[in-house]
Amino acid sequence: MDAFPSEFADLLNKRGQRLLSNPPRLDVFRKKRATPIVVFDDVIDRRVANACIALLDRAIYPVIRRMETPIPREWISSMKKNYTDKLLKTVRVKTATLNSRKSFALDAARSIGLSQMMRSESFRVFAESIVGMPVEQGHWGRQVICYEQGDYSGPHNDHHPESAEARNGFVDLHIMFSNDAVRSQQLVYEDHGFLSASHEVSGHSGIAVYRLPFWHYTTPLLGRPGREKEARRWLLLGSFDFDPPPKKPLW
Ligand SMILES: [Fe+2]
């Protein structure tokens, strides 16, 4: 495989393609109090996942940039009252967005067919059919993220109250690949008001579909002992507004 397939559907195995041809009606996207997320662990074959990792390592790793928001010391020193701790989103990953025509990362992503695949109709339809509501057709957000040893995203909810299109809910589609050196990383998310649900996301491949906003975070990625420097988890992220945007919050 010297490039990603031009249609996302061709990355999927039989089980994954059935999700497209015959989408399940998932309770998590229909029941009022359920957390609207699903993670599929076995929809991309291992051989294909390894080929994707090789492409990302070769073409994308050289063009991604650090994205770091550390915890400022003042968040402790400026506190005047007990139990008034406030933690905004903190994060440490490497990333590249594919949204600007001028970005180096977009050129690199085009050279391996990644940009085309993340713009393909089946990529959009996958998000839409899993969530069970139509999403925008013309344009959507695309980003690549890479987690290495110790990298994480702290608790946040991805609510965008300033966006007329996204303020009542939107969809994130995550295509995930971890190499053999990754030991563990957990995606933790809220369940009935507690951050008590989690999913191991360090498998060779996986696909997560979120209808945001809700609270979630990832634990620090841990490499296998002695292989920490090699450990990498790749995340291909599509962000879709609903079309039409919901009139009221979906949560
Ligand atoms: Fe998030």
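**Reading a predicted iron-site model**

User: Where does Pro 213 lie?

Analyst: Pro 213 is in the loop between strand S10 (205–212) and S11. Strands (E, at least two residues) and helices (H or I, at least four) are DSSP runs, numbered from the N terminus. This is a predicted model, in which local features need pLDDT of at least 70, side-chain atom pairs count only at pLDDT 80 or more, and totals for chains, interfaces and linings use all residues. Residues are numbered from 1 along each chain as its sequence is written, and side-chain values use heavy atoms, with hydrogens and water left out.

User: Is the peptide bond from Leu 212 to Pro 213 cis or trans?

Analyst: Most peptide bonds are trans, and most residues other than glycine have a negative phi. The bond from Leu 212 to Pro 213 is cis, with omega near 5°. The bond from Asp 243 to Pro 244 is also cis, with omega near 0°. Pro 244 belongs to the segment after strand S13 (232–241).

User: What is the phi of Tyr 83?

Analyst: Tyr 83 is not a glycine, yet its phi is positive, about 60°. Tyr 83 sits in the loop between helix H3 (74–77) and strand S3 (91–97). Tyr 83 is exposed, with a relative accessible area of 79%. Buried means under 20% relative accessible area, exposed over 50%, and partly exposed in between (1.4 Å probe, protein chains only). Asp 158 likewise has a positive phi of about 60° without being a glycine, and it is found in the loop between S5 and strand S6 (170–178).

User: Which protein atoms are the donors of the iron ion?

Analyst: Donors are N, O and S atoms within 2.8 Å of the metal (3.2 Å for Na, K and Ca); water is not among the atoms, so sites may look incomplete. Here the protein donors are His 156 (NE2), Asp 158 (OD) and His 216 (NE2), lying 2.1 to 2.2 Å from the iron ion. His 156 lies in strand S5 (residues 152–156) and His 216 in strand S11 (residues 216–218), so the pair ties together parts 60 residues apart in sequence. Along the chain the donors follow the spacing H-x1-D-x57-H. Both His 156 and His 216 are buried.

User: Which residues does Ser 115 touch?

Analyst: Contact means heavy atoms within 4.5 Å. Not counting residues up to four places away in sequence, Ser 115 touches Leu 106, Ala 109, Arg 110 and Arg 142. Ser 115 lies in helix H5 (residues 114–117) and is buried, with a relative accessible area of 1%.

User: How is the space in the largest pocket and the largest cavity read?

Analyst: On a 1 Å grid over the protein atoms alone, a cavity is a set of points where a 1.4 Å probe fits but cannot get out; a pocket is an open set with protein on both sides within 12 Å along at least five of seven lines, and lining residues have an atom within 4 Å of a point. Points are joined across faces, edges and corners, and volume is the space filled by probe spheres set on them.

The largest pocket holds about 470 Å³ of space. Of its 30 lining residues, the closest to its centre are Ile 145, Asp 158, Asp 172, His 174 and Leu 237. Strand S4 (141–148) is among the strands that each supply at least two lining residues, and S4 gives the most, with five.

The second largest pocket has a volume of about 320 Å³. Its lining has 16 residues, of which Ala 34, Glu 190, Pro 213, Phe 214 and Trp 251 lie nearest its centre.

The structure holds one cavity of 30 Å³ or more. The largest cavity contains about 30 Å³ of space and is lined by Pro 36, Arg 211, Leu 212, Pro 213, Leu 250 and Trp 251.
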